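Here is a short report on a structure with several chains. It moves from single chains to the places where parts meet.

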Amino acid sequence: MGNEDERQARPRGPAFTAKSQLMTSDDVARALRRMAHEIIERNHSVGSISIVGLQTGGTAPAMALATMLAEISGAPVSANTLDVSFYRDDLSRNPIPTSSATHIEHDLTDRTVVLVDDVLFTGRTIRAALNALSDWGRPHAVQLAVLVDRGHRELPIRPDYVGKNLPTSLDEAIVATLDGVWIGTREAT
Amino acid sequence: MIESIRGRSLLSLNELSKDAILEVLDTAESFVEVNRRTIKKVPALKGRVVASLFFEESTRTRLSFETAAKRLSADVLSLAVASSSVKKGESLRDTIATIDALGIDAVVMRHRSSGAALQVSRYVPHVKVINGGDGQHQHPTQGLLDAFTIRQVLSERHDTTGLESGAELFEGLRILIVGDIRHSRVARSDVAAYATLGAEVRLCAPGTLLPEGVSTWPATVVEDFDEALAWADVVGLLRLQSERGSGAFVASLDEFTFTHGLTVGRSTLLKPETLIMHPGPMNRGVEIDSRVVDSSAAIVERQVSNGVPIRMAVLYLCVAGSGEGPGL
Amino acid sequence: MSALVIRQGLVVGVHASDVADVLIIDGHIAEVAPTIDAPSDAYELDARDCWVGPGFVDLHTHLREPGRESAETIESGARAGALGGYCALVAMPNTEPALDSVALVSYVLERGARTPLDVAVAGAITKDRRGESLAPMAEMAALGVRLFTDDGVGVQDPSVMRRALTYARPLGVRLAQHCEDEALAAGGTMNEGALSGRLGLTGRPALAEELMVMRDIELVRLTGSALHFLHLSTARSLELVLAARAEGLPVTFEVAPHHFTLDESACANYDPVFKVHPPLRAANDVEALRAALARGVVDAVATDHAPHAPELKDLVFDEAPAGMLGLEHAASLTFEALGDAADPATFFQVLSRGPARVAQLRRGDDRFRHSAHGGDVSVGEDANLTVFDPTCEWVVDRHELASRSMNTPYDARAMTGRVRATIARGRLVVDQGHLT
């Protein structure tokens, strides 16, 4: 693994202890493929879609989705990454995240943005992403794809494409990557 | 040793660990990207108040800090010396108290006296103090942006990114600092940053312009300037700090150029890939010949343009990391 | 005057120390004996476990009056002195205007006479302390001035210093010097060294002091005139003066508590309360001063009490005035510096007997209208006494000082040993550690 990959895989925040694995890497791949088909079905053409993966957990799923969309449709799909650290409103609750790269290829005006993240939880990351996106133009529409929806929303945010719905309790933690999905606990800070 | 400047004041690079410095450099990478956007603004410090208190005039640095604060969406209160009542004998403590009464989160400060930033941080411990240069003591953001610039240029050369390289490119990197080291806060900050990141630092200056106790610094003093130029991978030049009285320490500007100026002739001693740096403002013809400044080896413009992202990184880490802020 | 009896302290005489009672009547010591049958109306002062000795004499106090009364007055300084165990103070002449004439000396003497302590005056050596032309030393001597100094600064021009020494000789007075060559000191604000280099502060090299010490020792040799070295701060200065004294030259010296308690590292956080001239020195200098104290070779401990109004010490380090308070803590710090084997005789020697000799305030000296200080604790002596409790543990609070100013470097410091009572000219001015 190169440095960049290590950086992606390194968990943020306190250490995670897995209790059980809920999805294997095959399960994840299948779910992503299904979501890719749903995206095409809903949007008809992929030419106006910009996939935007949220750093850091959403970038790998985003790239995977973009690749799959390109395979299915036969046309290249715009793939981008967005770091929302500077747009968060909950800095007082969480330690400020180490920032990572934002690569957005072009102005997003009139595009259909599909935000991609690993886990949807309170919804605050997505809100920050919506704030951030407005700095890149005025998209025609913004849709949301997540590998896992674990509930406990604090804002009126809902996903358009979900890999798996996993009701959880607040003291549990979820890790969702292309290698699989685990439920467990995090060390207290 | 401070392991991270999150939620803290930034007063001196002497106290920062390698991780703390890398954290600033890595964060600044993101802000370089922000500064390339059409809308060069993020809401990270929205609702926060940053005061800029420049008791010593410096348009460039002050603007750089204020731009950084504004691009983080902070509200900026600007106090320049001429309009300050400090000249009328109001003590430092009172000036700070007046500003503090307006509810500030951070103050960026420059002062002609060493230690002023630290003294202020004692008066207002709940305010983050960013030292923008205190007398001859430290100029932390300059040291950071200098290190950042070196990493940026060298990582491009090695076809990698600053983030990926971490501190690797500094291991054993040969950095020469020349000029009025005695009176220079930039020199003190640079030496701290470079040495902490793993570089090998050498200092070259007229004997009278070396500081007391320089043998205790993490750098080696060398006397043969020509040999040092051929050795270096990076050459950092400093100007004579004549406003701090350094004129009395050398016979004349011409003499200084004769002994330690980077003339066109001396520039031929440099290795082809050696970088030339200067914190500015430059005295063309004194410590550096105009033609050398304008050569491609000089990366002074990069230093200047990296000022805003570095200062954004510092403000972001120090202020946003303090854990108190506006909510939803 | 009514009677006062001090019970069962360790009475520290010139030749011996014994536990005894001391009876004071009408400003004089009336009786010293293992037990005394005191008059029924005598005030009883419990001095068990305490040391009883001659009241302290400070050779070096800045009373700031006239000119800087916001920092200190003669009255407030005397109160601070009394709390510190002092019965006599020598007021330094760097007031505004300087004490360089009969009129100004009289002013201070007159105001000093209103306080319970003896306030002697050190006159300036040169007019306005400018180091150029001599001040009227003979006229001032006629008013009782026995010490002359330009303190705050040293006399820079060697020819002027030579002239002053030569002139002073037949007058029976002593000159005192603040040894620092201003050119070498280069306007510095702390000791010159690796620390000043790192902090970006201009340093005052040790050599600035030592060079003037060397110069003045040679001038003393040339003129035969007596010289007292103020606040020696380096190991080398100490060596030089001790050697000169051993040769038989008429030199004496003092050390200040801040120089044998604090070192230059105190300046690392740029707090102006630690700014002083000559500056706080390196750790080995502090060690040398403490060792000299313990060995009993120091002539005097002198406070160099230098009050500054709070707003002045609120300035940046470069701009703040130099100087720190000292009267109220000198005795405790001296006691601590003497160490576990603190010898009471040495304690009273450096705080009282030695300075009394330099200031010419002893019984046999021509001491103008002042009472006698630094004597034996025996019948007939003037009752200038200090009762010191070596077991008292306490903590300094800068808000609880008698001084008008607050620039003490010892705030929140834990101290061992404290003045319990001060009897000045027979009057009990401090009792139980408080002003009466």
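Helices (H or I, at least four residues) and strands (E, at least two) are DSSP runs, numbered from the N terminus. The model is predicted: local features need pLDDT of at least 70, side-chain atom pairs count only at pLDDT 80 or more, and totals for chains, interfaces and linings use all residues. Residues are numbered from 1 along each chain as its sequence is written, while chains are lettered from A and ligands numbered from 1 in the order in which they are written.

**A helix in chain B**

Gly198(B) comes after helix α7(B) and has a positive phi, near 110 degrees. The helix itself covers residues 185-197 of chain B. Its 13 residues should span 18 Å at 1.5 Å a residue, and its end C-alpha atoms are 18 Å apart, so the two values agree. That expected span is 1.5 Å times one less than the number of residues in the helix.

How many of the 13 residues of α7(B) are buried? Twelve are, so by the definition each of these has 20 or more other C-beta atoms within 10 Å of its own. A residue with 12 or fewer counts as exposed, and one in between as partly exposed; the C-beta atoms are placed from the backbone. Among the buried residues are Arg185(B), Asp190(B), Tyr194(B) and Leu197(B). The cover over the buried residues of α7(B) includes α1 (18-34), α5 (140-157) and the strands β4 (128-134), β5 (174-178), β6 (200-204) and β8 (234-237), all of chain B.

**Two domains in chain B**

Chain B splits into domain 1 (13-137 + 307-320) and domain 2 (140-304). These bounds come from an automatic or database domain assignment. The C-alpha centres of the two domains of chain B lie 25 Å apart. Across the boundary, 23 residues of domain 1 are in contact with 24 residues of domain 2. Contact here means that the C-beta atoms of two residues, placed from the backbone, lie within 7 Å.

On the domain 1 side, α1, β4 and α12 (300-320) of chain B each give two or more residues. The largest share, eight residues, comes from α1(B). By class, this side has nine nonpolar, eight polar and six charged residues. Ala, Val, Leu, Ile, Met, Phe, Trp, Tyr, Cys and Pro count as nonpolar, Asp, Glu, Lys and Arg as charged, and the others, Gly among them, as polar.

**Chains A and C**

| Chain | Helices and strands | Buried residues |
|---|---|---|
| A | four helices, eight strands | 42% of 189 residues |
| C | twelve helices, 19 strands | 60% of 436 residues |

Chain A runs α-β-α-β-α-β-β-α-β-β-β-β along the sequence. Of its contacts between residues at least 6 apart in sequence, 73% join residues at least 24 apart.

The C-alpha trace of chain C spans about 65 × 45 × 45 Å along its principal axes. In chain C, 73% of the contacts with a separation of 6 or more are between residues 24 or more positions apart.

**Where the chains meet**

Which chains have the most contacts between them? Of the two pairs that touch, chains B and C do. Their contact takes 20 residues from chain B and 19 residues from chain C. Helix α6 (residues 194-199) of chain C gives the most to the chain C side, with five residues. That side has seven nonpolar, six polar and six charged residues. Chains A and C do not touch, and their nearest C-alpha atoms are 30 Å apart.
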